[in-house]
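Please open the model in a viewer and keep the sequence panel at hand.

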Amino acid sequence: MKKFFLLALAALLLTTAILAPASASGADAGAAFMELLAGGAYAEAFDRSDDAMRGAVMSAEGYAAMWQGLLLQFGEYEGAQDLGASEAGGYATHDVQASFARARVRFDVIFNSEGKLAGMRVTALEAREAEREQTGEVVLLRAGAQDETEALLTVPEGPGPFPVVILLSGSGPNDRDESAYGMAPFGDLAQGLTARGVATLRYDKYTL
């Protein structure tokens with residue numbers, strides 16, 4: 001599961017290299033660029049791109065798709081702050097911190113000498129880990145063995161018996177909820193299945 005998110009993030013980095021700014025002038029130009037997209041001004045963003053960016057994104061709809069990808073990856077947009085800028089070789093690079101519901105993301109937003117976007121890249125990511133209600137019976141898998149690990153058995157209300165789903169974790173040192181980038185898919189699945197009369201067992205991998 002974490003490999004999936006890493007691949008998705010890699011794809012996101014490729015698409016976010018073709019965004020458009022509001023202006024390269026002013027200390028808050030990078031944050032203003034984020035607000036431009038958040039406000040749905042995709043056509044204006046396209047107009048304010050340089051030729052290379054226009055060729056890559058193709059149309060205003062490309063910006064719309066990119067922004068929706070950001071929201072899908074990181075959650076609802078909350079705002080952005082321009083932390084500073086540096087200039088070199090005729091380009092201005094703005095350090096922007098954007099806050100989303102599931103993560104704080106740092107971007108380098110690069111403008112050319114004409115104030116048009118010349119590039120954008122993610123430089124840092126701080127996930128806001130999702131919180132899930134941890135209700136159920138704690139059990140031990142391989143109790144007493146070297147690789148003993150804790151699991152959570154969640155059972156619907158009622159007398160039962162109930163069908164049960166064992167949630168098998170993917171590669172990597174995952175917790176019982178497969179938490180990654182502020183999302184907890186196994187926790188969501190457990191809650192949804194329990195509400196529908198299906199018990200679940202999910203576990204922390206020993207390598208965690």
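**Aromatic pairs**

This is a predicted model, and it holds five aromatic pairs. Select F46 and Y63 to begin. The ring centres of F46 and Y63 are 6.2 Å apart and the planes stand at 65°; because an angle over 60 degrees counts as edge-to-face, the pair is of that kind. F46 belongs to helix 3 (residues 42-47) and Y63 to helix 5 (residues 60-74), so the pair ties together parts that are 17 residues apart in sequence. Are these two side chains buried or exposed? F46 has a relative accessibility of 18% and therefore counts as buried, the limit being under 20%. Y63 is buried as well, with a relative accessible area of 0%.

Next, select W67, F74, Y77 and F100, which form one aromatic cluster.

**Helix 2**

Now display helix 2, residues 29-38. Seven of its ten residues are buried, so helix 2 is largely enclosed by the rest of the structure. Colour A29, G30, A31, F33, M34, L36 and L37 to see the buried residues. Which elements cover them? Among them are helix 3 and helix 5, together with strand 1 (77-88), strand 2 (91-100), strand 3 (103-111) and strand 4 (117-127). After helix 2, stop at G40, which has a positive phi, near 80°.

Proceed to the open sheet of four strands, whose order is 5-6-8-7 and whose pairing is mixed. Strand 5 (137-141) and strand 7 (164-166) stand at the edges; each has a single partner strand, so one side of each lacks a neighbour in the sheet. Viewed without regard to direction, neighbouring strands of this sheet are turned by 25° against each other on average.

Zoom in on strand 5 and strand 6 (residues 149-154): the two run antiparallel and are joined by five bridges. To see a bridge position, select V138 and its partner in strand 6, L152.

Finally, select D177, located in the loop between strand 7 and helix 6. D177 is buried, with a relative accessible area of 6%. What lies 3.4 Å from a polar atom of the D177 side chain? The backbone nitrogen of G187 is found there.

Definitions and conventions
Residues are numbered from 1 along each chain as its sequence is written. This is a predicted model: local features need pLDDT of at least 70, side-chain atom pairs count only at pLDDT 80 or more; totals for chains, interfaces and linings use all residues. Side-chain values use heavy atoms; hydrogens and water are left out. Rings of Phe, Tyr and Trp (its six-membered ring) pair if their centres lie within 6.5 Å; planes under 30 degrees apart count as stacked, over 60 as edge-to-face and the rest as tilted. Buried means under 20% relative accessible area, exposed over 50%, partly exposed in between (1.4 Å probe, protein chains only). Two strands pair if DSSP finds at least two bridges between them. Axes are lines fitted to C-alpha atoms, for helices over the stretch in contact, and angles run from 0 to 180 degrees between N-to-C directions. A polar contact is a pair of N or O atoms within 3.5 Å; within protein, one must be able to donate a hydrogen and the other to accept it, and residues adjacent in sequence count only if both atoms are side-chain atoms. Contact means heavy atoms within 4.5 Å.
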